[in-house]
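Dear colleague,

Please find the structure below, handed over for your review.

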Amino acid sequence: MEMPVFPAQQKRQVTTIIFLLLLWEVGSETIKYSVLEERDRGSFVGNLAEDLGLGVEELVTRGAQILSRGNKQHLQLERKSGELLLKERVDREELCGDTDPCILHFQLLLKNPVQFIQGELQIQDVNDHAPEFLENEILLKIVESTHPGTLFPLKIAQDLDVGCNTVQNYTISTNSHFHLLTRNHSDGRKYPELVLDKALDREEEPELRLVLTALDGGSPPRTGTSQVLIVVLDINDNAPEFVQGLYGVQVPENTPVGSLVITVSARDLDAGIHGELSYSFFQSSNQVIQAFEINTDTGEIRLKKLLDFEEIKFYRMEIEASDGGGLSGKCTVEIEVLDVNDNAPQLKMSLFNSDIPENAPETVVAIFGISDPDSGDNGKMMCSIQNSLPFLLKPTVENFYTLVTEGSLDRENRAEYNITITVSDLGTPRLQTQHTITLQVSDVNDNAPEFTQSSYTLWVRENNSPALHIGSISATDRDSGSNAQLTYSLQPGPDAAAALVSINADSGQLFALRALDYEALQAFEVRVRAADRGSPPLSSQALVRVQVLDANDNSPFVLYPLQNASAPCTELLPRAAEPGYLVSKVVAVDRDSGQNAWLSFQLLKATEPGLFSVWPHNGEVRTARLLSERDAPKHRLLLLVKDNGEPPRSASVTLHVLLVDGFSQPYLPLPDAPAPERAQPDRLTAYLVIALAAVSSLFLLSLLLFVAVRLCRRSRARSLAGCALPDGPLPAHLLDVSGTGTLAHSYQYEVCLQGGAGTNEFNFLKPIIPNLQSHGSGKEIEENSPFRNSLGLN
């Protein structure tokens with residue numbers, strides 16, 4: 001069976017997944033590249049996307065970034081193509097000096113999700129430096145008695161290149177006395193050594209000039225030359241000898257310039273000029289010559305510049321002591337540079353999210369790397385932040401940290417954090433670096449509005465104007481921005497109370513939609529909802545109770561006596577009535593409440609002033625004095641009913657009183673009515689005269705009363721508005737009573753006096769046109785009335 005062939009894209013995806021899993025799991029895989037030095041900026045180094053098996057789009061979406069140690073970036077990533085390019089021209093000698101191989105370390109940071117990939121870039125040497133001798137002329141003094149085969153080491157040439165591009169061979173110009181050997185130092189450097197082939201003869205040839213040539217291994221090779229002057233000396237049989245063949249010393253890197261490092265010493269057994277010694281560096285590198293100087297007479301080696309442990313940790317040099325006869329001796333000096341904690345740690349931020357939302361779980365705030373070029377404890381670092389902050393530092397790869405939130409943040413408790421990252425080394429004294437970042441916590445709609453009160457009570461006086469502002473409610477929201485912008489609205493309820501008021505959606509001000517009537521509605525409740533504008537919106541409710549305050553908008557309503565009735569009734573008053581006699585009682589009501597419904601009665605006008613009085617609190621009309629013959633038979637009283645409102649409202653009513661003879665009623669004294677005064681003798685005399693004059697007419701009056709009673713009984717069936725007396729009917733003109741009441745409908749009343757009963761009673765008849773539903777039906781008035789018809793007229 002033939003196996004299916006996967007498309008190239010599927011193969012690449014599988015390779016990518018396996019490669020990423022290996023990188024994530026192990027974390028130690030290293031991508032290695034190499035590039036020749038002196039390449040131009042933008043030169044191609046490699047294709048990261050292909051080498052990692054990642055797509056170009058994935059590099060972009062995951063936020064790929066190249067991180068280098070230190071503050072200088074040598075590489076850049078072209079995200080569109082996934083290619084790794086040189087960010088600037090690189091010089092291997094400047095970056096690494098004599099170190100070989102020259103490797104630059106970098107990291108590839110993938111931010112989402114966070115992943116580090118280690119990388120190395122090897123800078124390959126280019127033969128861009130020719131060998132160079134430090135001296136244009138090398139002086140060599142050789143005693144003429146020197147035997148053939150003697151070796152004479154020469155000074156080496158310096159070449160900044162490394163490997164095969166450095167000095168590989170030396171040659172000497174053709175001569176009959178010497179040939180040249182190229183030898184290797186223990187450190188791998190090559191140096192020239194001159195071999196005497198034929199004995200010298202000073203008398204024959206006192207000096208020789210040869211050309212020393214150094215060749216590197218480049219293609220084509222580069223060369224450098226120096227003149228070798230050989231002076232033939234007389235015999236000097238003792239060469240200088242150093243006390244020690246090897247000197248070793250340790251020097252702290254912060255040693256001041258000019259400080260004594262070490263003193264070398266040699267001795268020569270010869271005397272005179274052959275015993276005078278001179279000290280000098282022999283076959284020393286540029287770094288040695290730049291950092292140290294030697295006193296030719298004393299052999300003291302002093303600092304010429306400040307040492308830097310991070311640049312060069314160890315120096316090795318050879319010192320030559322030469323006597324005046326041309327003989328020399330050599331020793332080796334090894335100087336170890338001791339590290340001093342002179343570099344504070346460095347922090348480089350790779351990723352920083354300055355604004356994160358609240359309520360988010362563990363969130364990456366920043367990714368940064370730390371470094372310290374010192375060594376040992378001086379280069380060991382520890383990283384920390386303030387203990388009081390809800391953040392954690394998590395180490396990732398070497399010297400890289402991730403700053404994450406410890407849990408969900410709450411913007412309402414704290415909206416901004418100043419986080420100080422402190423990096424300190426373990427040296428003595430400890431050096432530290434602080435880096436402060438400011439983090440803003442953005443708002444999330446997680447708080448519902450809160451009313452300042454759980455319930456509100458508002459008061460509004462009745463008969464208000466429409467759109468009247470009756471009060472305000474207020475709510476607050478601990479969120480910010482649109483999450484704290486509130487909108488107010490009325491909630492629909494089971495009753496129609498919400499139709500009575502409206503609310504401003506922005507300010508929470510409540511307005512009455514129409515005029516309110518206390519007599520129809522004393523109080524009502526509505527529910528108000530406050531919602532924010534977040535997503536999703538949150539809301540809360542509050543109860544608002546509106547109390548309607550009574551206004552004095554209703555005038556008193558007189559129930560008795562009614563005005564404009566079709567057949568008004570007249571009160572009958574016997575002439576024999578004593579002071580305090582109850583003539584009638586005005587009955588009135590007021591639909592208002594409180595003091596607006598407190599009524600008082602007042603007599604405004606009377607036909608006979610001083611004859612009648614009205615009690616201000618109950619409306620009872622009583623006689624104020626005894627009646628006399630001079631009093632008119634018919635009286636018209638104008639009464640005022642007034643409430644206690646502000647301003648007060650009133651109504652007037654007219655009461656007709658007819659004086660009758662022979663119709664008496666016992667005196668009804670009030671509890672606090674004063675006893676009648678005893679008549680004076682002269683007044684009694686006058687009364688007797690009048691009584692005697694009236695005896696003559698008593699018979700005639702009795703007859704008239706008898707006739708009136710008979711006529712009233714016969715007309716009872718025809719008219720309900722008439723008033724009957726026991727002895728006869730009253731004249732029709734006495735029943736014409738008019739007034740101006742507050743009711744607009746006609747009523748009929750039957751008013752009679754019952755002799756001997758001690759009180760006056762009224763019987764309210766049903767209205768001819770029953771149209772007083774708002775004030776109660778005639779039946780209710782009849783049932784609630786305190787007056788009854790003692791005559792039994794129904």
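In this message, buried means a relative accessible area under 20%, exposed means over 50%, and partly exposed lies in between, computed with a 1.4 Å probe on protein chains only. Please note that this is a predicted model, in which local features need pLDDT of at least 70 and side-chain atom pairs count only at pLDDT 80 or more, while totals for chains, interfaces and linings use all residues. Residues are numbered from 1 along each chain as its sequence is written, and side-chain values use heavy atoms, with hydrogens and water left out.

Salt bridges

A salt bridge is taken here as a side-chain nitrogen of Lys or Arg within 4 Å of a carboxyl oxygen of Asp or Glu. The structure contains 21 salt bridges.

One of them pairs the side chains of Arg62 and Glu58, with an N to O distance of 3.6 Å. Arg62 is classed as buried because its relative accessibility is 9%.

Another salt bridge brings together the side chains of Arg302 and Glu300, at 3.2 Å from N to O. Arg302 has a relative accessibility of 29% and therefore counts as partly exposed. Glu300 is also partly exposed, at 24%.

Glu525 and Arg545 form a further salt bridge, in which the closest N and O atoms are 3.3 Å apart. This pair links distant parts of the chain: Glu525 belongs to strand 41 (residues 523-532) and Arg545 to strand 42 (residues 539-549), the two residues being 20 residues apart. Strands are DSSP runs of E with at least two residues, numbered from the N terminus. Glu525 is partly exposed at 36% relative accessibility, and Arg545 is partly exposed at 31%.

Salt bridges also link Glu38, Asp40 and Arg89 in a network.

Cysteines

A disulfide is a covalent bond between the sulfur atoms of two cysteines; the criterion applied is a pair of cysteine sulfur atoms within 2.5 Å. The structure holds 1 disulfide. It joins Cys96 to Cys102, with an S to S distance of 1.8 Å. The angle about the S-S bond is 60°, and the link of Cys96 and Cys102 is right-handed. Both of these cysteines, Cys96 and Cys102, are buried.

Cys331 is buried, with a relative accessible area of 2%. Cys383 is likewise buried, at 17%.

Yours sincerely

Conventions. Helix = DSSP H or I, 4+ residues; strand = E, 2+ residues; numbered from the N terminus.
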